[in-house]
2 protein chains.
Amino acid sequence: MARQRAYEEHTVVAAAEAVFWARGFQWTAVRDLEEATGLARSSLYLAFGTKRGLFDAALTYYIDSFIRSMLDPLEAPQAGVRDAAAFFRTLARLFGDPQSQRGCLMINSIGELAGRDPTFTGPAAQFVDRYRAAFSNALRGTMPSRVVKRRAELLAAATLGAWLEVRADPVAASTTCRAVATEISSWSR
Amino acid sequence: MARQRAYEEHTVVAAAEAVFWARGFQWTAVRDLEEATGLARSSLYLAFGTKRGLFDAALTYYIDSFIRSMLDPLEAPQAGVRDAAAFFRTLARLFGDPQSQRGCLMINSIGELAGRDPTFTGPAAQFVDRYRAAFSNALRGTMPSRVVKRRAELLAAATLGAWLEVRADPVAASTTCRAVATEISSWSR
DNA sequence: CGGATTCTGTACTGATCGATACAGAATAGC
DNA sequence: GCTATTCTGTATCGATCAGTACAGAATCCG
């Protein structure tokens, strides 16, 4: 074959993820991506096709790393109500880090693209549904299934809301998450 | 004096609101605003200074009309738990309208600007706090104040989440709102 | 009707956007 | 070392961006 790449793809994707996460898709210029990744424009376009292609790669990486690690305990077969409460306490702790004001890359992107970009709307809906399913899984068994269902809806919505609120006021968002955790705890008493 | 304006300001602001609501700030070109308002560029800039100036006017108009009418029952002195549940049932009904996939202009803007634009972050935090206060007002009296507080936090977050979810999946968001309304009803039994 | 003032339409500014053309650098197989 | 192939840096593309200059249209006061 021929000349080999001077970079590792996952490193580039991770660097792009950081930029999109902090600035959003539309506010990120290809110039910013060049600087963050250290790659020249031609290399980026050769590897990812378009700015949007790189964005999709970054989003997939984000789901498979950050989101996955957040949801793992909730999606485990042995998950329980305590895990749901722990999820929000984890969020509350996370929101103490100034970096968390970036919010959630996926939720930010829903605000920017969902309902406007047809290719994004489907995956966005799936993402929300994943949260609903995760909370359903964690709550099941300890209460009537129709109660599980409606509370899973409530918690999924609250999660989206908390990730949005952290963009405006991290301290308040942290308080919100602790309150939700307390409310969840009251369900198992 | 001299030549008089060929338009009414509130009409222009309402037209601009519709465009920003549907497309978001960054995705809206001044060209789009010319077409939607029927005004020439020079008139828009003379009246509002910048694209952002018109956006701020549209946002203020939105808060003073749409948001105000939504929150009125919750902020009334005689508001109760039933009003909180009714709020979410109203949302559920609203989400049946295809137009509602635009989401909430203010919440969309938080996703786009909060934490990035310093002049926007403060008002965004205030907006979320207004929801918290409204739900606190509606729930107070019927349960211990610390329970009121945490449930108001929960409902404020759920409201943000529902308005985000409607961007991705209006049908699911409507179901979410009905579930939240049912959960609220269970609090007064 | 005349002159002062305000509004509006056209045309244009420089800057920046995402994307591409292309030449040269680097590596593999022979 | 030669050739074929792939990657990378530079320079640039046309399009579009927010914003502005300016002339002329319209209206008011006298």
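This is a predicted model: local features need pLDDT of at least 70, side-chain atom pairs count only at pLDDT 80 or more; totals for chains, interfaces and linings use all residues.

Me: What share of the residues of chain A count as buried?

Reply: The C-alpha atoms of chain A fill a box of roughly 65 × 35 × 30 Å along the principal axes. Among contacts in chain A between residues at least 6 apart in sequence, 63% join residues at least 24 apart. Of the 189 residues of chain A, the share that counts as buried is 45%.

Me: Which element gives the most to the side of chain A that touches chain B?

Reply: The contact involves 39 residues of chain A and 39 residues of chain B. On chain A, the elements that give two or more residues to this side are α6 (105-113), α7 (118-139), α8 (145-168) and α9 (170-187). By class, this side of chain A has 18 nonpolar, 12 polar and 9 charged residues. The element that gives the most, with 16 residues, is α8(A).

Me: What kind of axis relates the two copies?

Reply: Chain A is superposed on chain B by a rotation of 180 degrees with 0.0 Å of shift along its axis, at an RMSD of 0.0 Å. The same surface serves both copies, as 100% of the contact residues of chain A recur in chain B. The two copies are thus related as by a two-fold rotation axis.

Me: Which residues touch the most other members of the largest nonpolar core?

Reply: The largest nonpolar core has 118 residues. Taking one of its members, Ala84(B) touches Leu74(B), Phe135(B), Ala138(B), Leu139(B), Leu155(B) and Ile184(B), not counting residues up to four places away in sequence. The residues that touch the most other members are Ala84(A), Phe135(A), Ala84(B) and Phe135(B).

Me: What covers the buried residues of α5(B)?

Reply: The buried residues of α5(B) are Val81(B), Asp83(B), Ala84(B), Ala85(B), Phe87(B), Phe88(B) and Leu91(B). Helix α5 of chain B has 14 residues, which at 1.5 Å a residue should span 20 Å, and its end C-alpha atoms are 20 Å apart, so the two values agree. The cover over the buried residues of α5(B) includes α4 (51-75), α7 (118-139), α8 (145-168) and α9 (170-187) of chain B.

Me: Is Ala76(A) buried or partly exposed?

Reply: Ala76(A) sits in the loop between α4 (51-75) and α5 (81-94) of chain A. Ala138(A) is 62 residues away from Ala76(A) in sequence, and the two are 8.1 Å apart in space, C-alpha to C-alpha. A buried residue needs 20 or more C-beta neighbours within 10 Å, and an exposed one has 12 or fewer. Because Ala76(A) has 13 C-beta neighbours inside 10 Å, it counts as partly exposed.

Me: Which residue just after α1(B) takes a positive phi?

Reply: Helix α1 (residues 9-23) of chain B has 15 residues and reaches 21 Å from its first C-alpha to its last, close to the 21 Å expected at 1.5 Å a residue. Its buried residues include Val12(B), Phe20(B) and Trp21(B), and among the elements that cover the buried residues of α1(B) are α2 (30-37) and α6 (105-113) of chain B. Just after α1(B), the residue with a positive phi of about 90 degrees is Gly24(B).

How values were computed:
Residues are numbered from 1 along each chain as its sequence is written. Chains are lettered from A and ligands numbered from 1 in the order in which they are written. Two residues are in contact if their C-beta atoms, placed from the backbone, lie within 7 Å. Helices (H or I, at least four residues) and strands (E, at least two) are DSSP runs, numbered from the N terminus. Ala, Val, Leu, Ile, Met, Phe, Trp, Tyr, Cys and Pro count as nonpolar, Asp, Glu, Lys and Arg as charged, and the others, Gly among them, as polar. Copies are superposed by least squares on the C-alpha atoms of residues with pLDDT of at least 70 in both. A nonpolar core is a set of buried Ala, Val, Leu, Ile, Met, Phe, Trp, Tyr and Cys residues joined through C-beta atoms within 7 Å. The expected span of a helix is 1.5 Å times one less than its number of residues.
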